[in-house]
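Read them with the sequence and coordinates open.

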Amino acid sequence: MAVVGDQGAGPETQVQRDSADQNFDYMFKLLIIGNSSVGKTSFLFRYADNSFTSAFVSTVGIDFKVKTIYRNEKRVKLQIWDTAGQERYRTITTAYYRGAMGFLLMYDITSQESFSAVQDWATQVKTYSWDNAQVVLVGNKVDLEEDRQVPTVDGQRLASELGFQFFETSAKDNINVKQVFDKLVDVICERMNETVNGELAGVSTNEKGASLTDKPPSSQSGCAC
């Protein structure tokens with residue numbers, strides 16, 4: 001799953017290589033978090049590779065993929081980290097919260113237990129990440145509507161209470177997958193534009209990146225996404 005250049009190279013090594021790649025304007029670190037088996041890995045595969053498999057393989061520790069998108073004349077490289085949901089990996093995964101610009105906090109609409117855990121995950125984000133990290137609450141597996149245990153209104157209500165964006169999705173049927181990431185990136189960019197010169201902790205920028213876009217760069221400060 002990880003984007004690895006050389007056999008045996010770990011995620012940290014690949015991150016250094018991605019940072020060295022100057023073909024971007026901004027680089028955002030995003031994390032997908034939530035209980036085990038809510039569909040985090042499938043969701044990432046659907047977004048990054050447009051692929052889906054029904055086979056469940058539990059993520060061990062943490063892994064990631066890279067995807068580059070364009071938002072309003074800016075080339076934005078996304079480092080999307082897929083975290084393990086099991087408690088025994090919690091110390092490992094929370095270490096990666098620092099520097100993350102955004103989080104996809106995911107639960108399974110067919111699992112009340114995974115929804116009940118959202119508050120705990122939100123607390124971890126608040127504890128281990130920086131104050132301006134943006135969060136989208138994602139209710140996954142809407143393709144299993146007949147097995148739904150968590151009403152949509154409950155997800156909307158909790159997201160509102162926590163101050164999060166909210167989507168219901170399906171990695172299997174490719175419902176709202178791209179929309180979730182687009183919204184998260186847009187919210188991050190909006191927050192960047194609220195700061196002086198768009199300088200936020202955790203944002204990697206490339207001063208030469210403006211010349212890499214197809215159109216002339218905007219004169220507006222910040223991400224201009």
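Q: Is glutamate 168 buried or exposed?
A: The model is predicted. The relative accessible area of glutamate 168 is 14%. The cut-off for burial is under 20%. Glutamate 168 is therefore buried.

Q: Which residue forms a salt bridge with glutamate 168?
A: Glutamate 168 sits in strand 6, residues 165-168. Its partner lies in the loop between strand 5 (134-140) and helix 6 (152-162), so the pair ties together parts that are 20 residues apart in sequence. The closest N and O atoms are 2.9 Å apart. The partner is arginine 148.

Q: What is the closest N and O distance in the salt bridge between aspartate 154 and arginine 157?
A: Both residues lie in helix 6. They are three residues apart, about one turn of the helix. Aspartate 154 is partly exposed at 24%, and arginine 157 is partly exposed at 47%. The closest N and O atoms are separated by 3.0 Å.

Q: What is the relative accessible area of leucine 105?
A: Leucine 105 belongs to strand 4, residues 102-108. Beyond its neighbours within four places in sequence, its contacts include Ile33, Val118, Trp121 and Phe164. Leucine 105 is buried. Its relative accessible area is 0%.

Q: How many Å separate the C-alpha atoms of leucine 105 and valine 138?
A: Along the chain, the two residues are 33 residues apart. Valine 138 is also among the contacts of leucine 105, as are Val135, Val136 and Leu137. The C-alpha separation is 5.9 Å.

Q: Which side chain makes a polar contact with the side chain of asparagine 35?
A: Asparagine 35 is found in the loop between strand 1 (26-34) and helix 2 (40-49). At 16% relative accessibility, asparagine 35 counts as buried. Its side chain makes the polar contact at 2.8 Å. The partner is tryptophan 121.

Q: What is the C-alpha separation of glutamine 179 and phenylalanine 167?
A: Glutamine 179 lies in helix 7, residues 177-193. Glutamine 179 is partly exposed, at 41%. Phenylalanine 167 is twelve residues away along the chain. The C-alpha atoms are separated by 8.6 Å.

Q: What pattern does the protein chain follow along the sequence?
A: The chain has seven helices and seven strands. Among contacts between residues at least 6 apart in sequence, 76% join residues at least 24 apart. Read along the sequence, the pattern is α-β-α-β-β-α-β-α-α-β-α-β-α-β.

Q: What share of the accessible surface belongs to carbon and sulfur atoms?
A: Of the 225 residues in the protein chain, 50% are buried. The accessible surface comes to about 11,000 Å². The carbon and sulfur share is 45%.

Technical notes. Residues are numbered from 1 along each chain as its sequence is written. This is a predicted model: local features need pLDDT of at least 70, side-chain atom pairs count only at pLDDT 80 or more; totals for chains, interfaces and linings use all residues. Side-chain values use heavy atoms; hydrogens and water are left out. A salt bridge is a side-chain nitrogen of Lys or Arg within 4 Å of a carboxyl oxygen of Asp or Glu. Helices (H or I, at least four residues) and strands (E, at least two) are DSSP runs, numbered from the N terminus. Buried means under 20% relative accessible area, exposed over 50%, partly exposed in between (1.4 Å probe, protein chains only). Contact means heavy atoms within 4.5 Å. Accessible areas come from the Shrake-Rupley method with a 1.4 Å probe; for residues, only the protein chains shown count as cover. A polar contact is a pair of N or O atoms within 3.5 Å; within protein, one must be able to donate a hydrogen and the other to accept it, and residues adjacent in sequence count only if both atoms are side-chain atoms.
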